Amino acid sequence: MLYREAGDFKTSYRDDSQTFPIKLERWGYYAVVALAFAVVPFVINDYWASAVLVPFLIYAIAAIGLNILTGYAGQVSLGTGGFMAVGAYSVYKLMTAFPDVSLLIHVVLAGIITAIVGVLFGLPSLRIKGFYLAVATLAAQFFLVWLFNKVPWFYNYSASGQITAPTRTFMGEAISGPAASAPAKYLVCLSFAFLVAWMARNLTRGSIGRKWMAIRDMDIAAEIIGVNPLRAKLSAFAVSSFFIGMAGALLFAVYLGAAEVGEAFGINKSFLVLFMIIIGGLGSIFGSFAGAAFLVLLPVLLKNLLVGNLGWPTDLAAHIELMIVGALIVTFLIVEPHGLARLWSLTKEKLRLWPFPH
Amino acid sequence: MKLKFPAIVAAATMLAAPAMADLIVPNMSYRTGPYAANGIPYADGFADYFTLLNERDGGIGGQKVQVPECETAYNTEKGVECYEALKSQNPLVLNPLSTGITYQLIPKIGVDGITLYTPGYGRTSAKDGSVFEWVFNAPANYWDGASVAVKHILDQEGGDLTGSKIALVYHNSAYGKEPIRTLQELSKKHGFELSELPVDAPGQEQKSQWLQIRRDKPDYVIMYAWGVMNQVAIQEAVNIRFPMDKFIGIWWSGSENDVKPAGAGAEGYKALTFHGVGQEYPLYDDLKQYVYDAGKAAGAGDQTGTVLYSRGAYAALVIAEAIAKAQELAGTAEINAAQMRDGFEALDITAERMVELGLPDFGAPIQLSCENHGGDGLGRIQQWDAAAGQWNLITDFIEPDAEILDPLIKEDSQAYASEAGLTPRCN
């Protein structure tokens, strides 16, 4: 009854094609953004920032990045962990080489470096497709991890091969290192996530996004109608790696504070982000957030519920948690193979008609 | 979802918070994942020792010790989550049993004022207390281990290693890379040739490394492995018929779980240790009476007396002694985290004290100071007897080569101090 088009008059094409065409939804979106930017920073504590919201936002950025490549342009990638490592090590080298430049600029630069690396590893996509491309990106994953382990220059010759983020400030407030406060870390990640989502949404609605989707749906047809596959595929790799690189940079500098490439950016990370977009929904920005929320928040929620509330032994809880998350993934994919985003849009369809479904 | 989740978690954390008056010593354990075989006995030993103190002595100085457990799965992201969750409970000291998590926590604990105790692991240069104010790694660290292993090899070879070859098989992570610098310096000093063979985590695949060992025929192999990598490495060494008495693991590569899968082939495998082994100590009588027979043993209760169980109990013992010292210094039983740190710094566990605690000749005396947070670094060698299914101590405590280690520690801690902008204390 509340969620309906009726009475919401559009008098321009601009209004008609906006992201949130229905008034209630639009207000809901404004409310969430206002809440996230103006209320949450004042109530957030260390646990909520470091264990829940910061990882959620960072993985959402990575998921949006991978979704552009896999969901919109149809290029399967298993190199996400490796590209995140490029972002992390770039930001580390930049932070230590140019300590006076703002970390925020370094994060963007790390994204650009990752974009270049991504384009290099995207070159095989012009010749190979599908599973074969997945294997080529898998090679990128292993090569990059090996490289950062092997060449001491990347970790500034430290004895253990660990990289540690020094403290950097923005407008006098520490945003990385041990002194960074919970609201500062949260706001940095939130701002990046917001900008990335906004950029991705607009890119995918414009001509570039349409080219990506044309390539995804049928590359030969796309080529015949004039889409240049070289440019479309490589631009997808570049934009995707740009986002993933920034996610890796934030993961290291703001969230973890110290990282070791094999552990933090191994093949598991590639799979984790891939699962996020599969569960969330391929080709959907909302799906990227939903998938990241599902895989980051649910284990923490279950852990707190089982160990904190029910007082179960930690090992039993950890095992049950894996089983519950696994079972839920299977259930969700059986109920809706197109992910949480599709589930959400079906709900919206039904809401529009409610309470008179016929 | 968005609204419900905060409410549930807030409720969960509130219910989980223990009473404030107790001494909180969290157990950051891992009972799941590829390192569980090693994580379980350690966590059980750690918890059982505090249970014993609570049951037998009513805690420490009349204060009960609470040991909330948090599962890290040896994963740094879960480690962060655990740290943030535990931090709100005002813990006195943390013992994460993971070098990766330790590296992550070192900058944070300085700001939050929580002591980090990393016996036998973590960042080696934390021994330099003038830089690492809140970190303690007594009684021994990775570099001590490397040096003790080389000393033992020297002993075996009649004091001369010129021209011999030693291979280092290591877990390709912060932990495994730690000893490389020390071994390089030692190879210069003693004239042996060092080859480095990294194995990627978790370490189930190491055929190529062992083929290389078969080809190069090093005189000795030193191993820094953990979890499933231990078992695979020992099996592979048996497969290529490497002489087991020339295969020396660090103390993290020397538990029953590591050698048993290789069966009789593991006979003679050596590993370092910084404490005694087995159940032949009076402490076990008390443990049996107050903990096992009372049905209060942690976990499944089947790890008693194993190497890692003993190590977990030893870590708990050192923490308990430091708490007692802190209570003595502060003049109150309800110590806070800062007083806990002072207790660690003034820690002095003598050989007589170890007898009183029911563990005669179990560990070397530990005496810490403002400059020295790492003790003397003594280690001994244990050897596996496959037929009897037990470890035997074959040497006395061996002193590491301070001449090599001290400058290295100074160099690494100074590098950290300048990177983090710290001014050394203790002047």
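Reader: What share of the residues of chain A count as buried?
Author: Keep in mind that this is a predicted model. A residue is buried if 20 or more other C-beta atoms lie within 10 Å of its own. Of the 358 residues of chain A, the share that passes this test is 49%.

Reader: How compact is chain A?
Author: Chain A has 15 helices and 4 strands. Its radius of gyration is 21 Å, and the globule rule gives 21 Å for 358 residues, so chain A is as compact as a globular protein of that length.

Reader: How do helices H2 and H11 of chain B lie relative to each other?
Author: Their axes are 9 Å apart and pack at an angle of about 75°. Angles from 65 to 115 degrees count as roughly perpendicular. Therefore H2(B) and H11(B) are roughly perpendicular.

Reader: How many residues of the contact of H2(B) with H11(B) are charged?
Author: On the H2(B) side you'll find B:Asp48, B:Glu55 and B:Arg56, among others, while H11(B) brings residues including B:Asp286. The contact also has 4 nonpolar residues and 1 polar one, and the charged ones number 4.

Key. Residues are numbered from 1 along each chain as its sequence is written. Chains are lettered from A and ligands numbered from 1 in the order in which they are written. This is a predicted model: local features need pLDDT of at least 70, side-chain atom pairs count only at pLDDT 80 or more; totals for chains, interfaces and linings use all residues. Axes are lines fitted to C-alpha atoms, for helices over the stretch in contact, and angles run from 0 to 180 degrees between N-to-C directions. Helices (H or I, at least four residues) and strands (E, at least two) are DSSP runs, numbered from the N terminus. Angles under 35 degrees count as roughly parallel, over 145 as roughly antiparallel, 65 to 115 as roughly perpendicular and the rest as oblique. Two residues are in contact if their C-beta atoms, placed from the backbone, lie within 7 Å. Ala, Val, Leu, Ile, Met, Phe, Trp, Tyr, Cys and Pro count as nonpolar, Asp, Glu, Lys and Arg as charged, and the others, Gly among them, as polar. The radius of gyration is taken over C-alpha atoms; the globule rule is 2.2 Å times the number of residues to the power 0.38. A residue is buried if 20 or more other C-beta atoms lie within 10 Å of its own, exposed if 12 or fewer, and partly exposed in between; C-beta atoms are placed from the backbone.
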